[in-house]
Amino acid sequence: MAAPLLELRNLTVAFDTERGQIRPVQNVSLSVFPGQTMALVGESGCGKSVTALSILRLIPSPPGRVLGGQVLFEGKDLLELPEKQMRLVRGKDIAMIFQEPMTSLNPVFTVGEQIVEAVQLHQNVRTKEAYEIAEQAMRDVGIADPGKRLHEYPHRLSGGMRQRVMIAMALSCRPKLLIADEPTTALDVTIQAQILELLRELQEQRGMSVMLITHDLGVVAENADAVAVMYASKVVEYTGVNDLFDSPRHPYTEGLFRAMPRLGRAGQRLEAIAGTVPNPERFPPGCKFHPRCPRMNGDAVCAGQEPALREVAAKHWAACHHVENFAAKPVTPPTTDSRRAAAEVPR
């Protein structure tokens, strides 16, 4: 088995608030292998974005801080690096596309100036050469007339065009790992498909790894190799994408699948997961999903003891006390034609 490019080991992140400490990420462990797309899935507020920002040490401190764990990139713990060395990792080895393309670009600088700044920060090139690299990066992401667009301000570009600029900026230094935090948020469906297809093409051309953060299971089915499902600060299921759809093992994952809209069900109400997502200030004791779980049935173990993430089938991990007592039911994903076989799933 190839060594992971990125490995998180028991990462725990806390924020100090006026009401006390909250921990939106607790004991998160996952790996991303070379050339792999690993999807991090879950509802808003489950800790996906905080996990991604922690990898690059972009959590504002105060109030945020990493309480424990390791972030190993090519075997080196990023949490132990001096800030000067960490700045060399950001953008060059690991790049990130942020959620909101409308606000991620600085409105007072041209898009060319912003890409060139990233290039010159990590590459020893003159300004003229940096602009050539920026122009090629914009051409690579499908922006027409990139020489002209370099001198445009962000407000003159559409949302889809701005997202392409963000991707060009992220990929201008040819990173080994791209973290894409819901890269199609606020874009219409047609543009979403174009952006995701673009990311797939660039990944295949460059052989880079991708951590894809999303709540869209259709996006997961079409783009991911491995999937980590998060709920209330923790990874509750972890496996290859085919195994996840063929045999989901955690009740939360099953609930997400039941809530998916499908063709042929027009007029039918979607099946929602009962209850609400717990407040990070007041996580329930025991299994964090137990107040909403159809499997619990008054079981004191669920309410009193938090389940560990354990291997319940070959290369398939789940955190549920009763996983062996429930038969896994296959799920038909929204689209199956472009699903790829899972790459090596991390331990």
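Some ground rules come first. Residues are numbered from 1 along each chain as its sequence is written, and side-chain values use heavy atoms, with hydrogens and water left out. Because the model is predicted, local features need pLDDT of at least 70 and side-chain atom pairs count only at pLDDT 80 or more, while totals for chains, interfaces and linings use all residues.

## Pockets

Let us start with the open spaces. On a 1 Å grid over the protein atoms alone, a pocket is an open set of points where a 1.4 Å probe fits, with protein on both sides within 12 Å along at least five of seven lines, and lining residues have an atom within 4 Å of a point. Grid points are joined across faces, edges and corners, and a volume is the space filled by probe spheres set on the points.

The largest pocket holds about 550 Å³ of space. Its lining has 20 residues, and Gly91, Met96, Phe98, Ala118 and Met169 are the closest to its centre. Strand S6 (94-97), helix H4 (111-122) and helix H7 (159-171) are the elements that give two or more residues to this lining. H4 provides the largest share, five residues. Helices (H or I, at least four residues) and strands (E, at least two) are DSSP runs, numbered from the N terminus.

The second largest pocket holds about 340 Å³. Of its 21 lining residues, Asn27, Val235, Ala308, Leu309 and Ala319 are the closest to its centre. Here the elements that give two or more residues are strand S2 (20-32) and strand S10 (234-240).

The table sets out both linings by class; Ala, Val, Leu, Ile, Met, Phe, Trp, Tyr, Cys and Pro count as nonpolar, Asp, Glu, Lys and Arg as charged, and the others, Gly among them, as polar.

| Pocket | Volume | Lining by class |
|---|---|---|
| Largest pocket | about 550 Å³ | twelve nonpolar, five polar, three charged residues |
| Second largest pocket | about 340 Å³ | twelve nonpolar, five polar, four charged residues |

## Aromatic pairs

The structure holds five aromatic pairs. Rings of Phe, Tyr and Trp (its six-membered ring) pair if their centres lie within 6.5 Å; planes under 30 degrees apart count as stacked, over 60 as edge-to-face and the rest as tilted.

One of these pairs is tilted: Tyr231 and Tyr252 lie 4.6 Å centre to centre, with 50° between the planes. Tyr231 belongs to strand S9 (residues 226-231) and Tyr252 to helix H11 (residues 251-258), so this pair ties together parts that are 21 residues apart in sequence. Tyr231 has 2% relative accessibility and counts as buried, and Tyr252 is buried too, at 0%. (Buried means under 20% relative accessible area, exposed over 50%, partly exposed in between, with a 1.4 Å probe and protein chains only.)

Tyr252 also forms an edge-to-face pair with Phe289, at 5.5 Å centre to centre and 65° between the planes. Phe289 sits in the loop between H11 and helix H12 (300-304), so the contact from Tyr252 ties together parts that are 37 residues apart in sequence. Both Tyr252 and Phe289 are buried.

Another ring meets a charge: the charged end of Lys288 sits over the ring of Phe283, 5.2 Å from its centre. The criterion is NZ of Lys or CZ of Arg within 6 Å of the ring centre and within 35 degrees of the ring normal.

## Strands

Two strands pair if DSSP finds at least two bridges between them. Strand S1 (residues 6-17) and strand S4 (residues 64-73) run antiparallel and are joined by eight bridges; Phe15 stands opposite Gly64 in S4. S4 also pairs with strand S5 (residues 76-77) in the antiparallel sense over two bridges, and Leu72 stands opposite Asp77 in S5. These two form a hairpin with two residues between them, and Glu74 in the turn has a positive phi of about 50°.

Is strand S8 (residues 209-214) mostly covered or mostly open? It is mostly covered, with six of its six residues buried. In a regular strand the side chains alternate between the two faces of the sheet. In S8, Ser209, Met211 and Ile213 point one way and Val210, Leu212 and Thr214 the other.

Val41 has Thr214 as its bridge partner in S8, and Leu178 has Val210.

## Helix H1

Helix H1 (residues 48-55) is mostly covered, with six of its eight residues buried. These are Lys48, Val50, Thr51, Ala52, Ser54 and Ile55. After H1 comes Arg57, whose phi is positive, near 55°.
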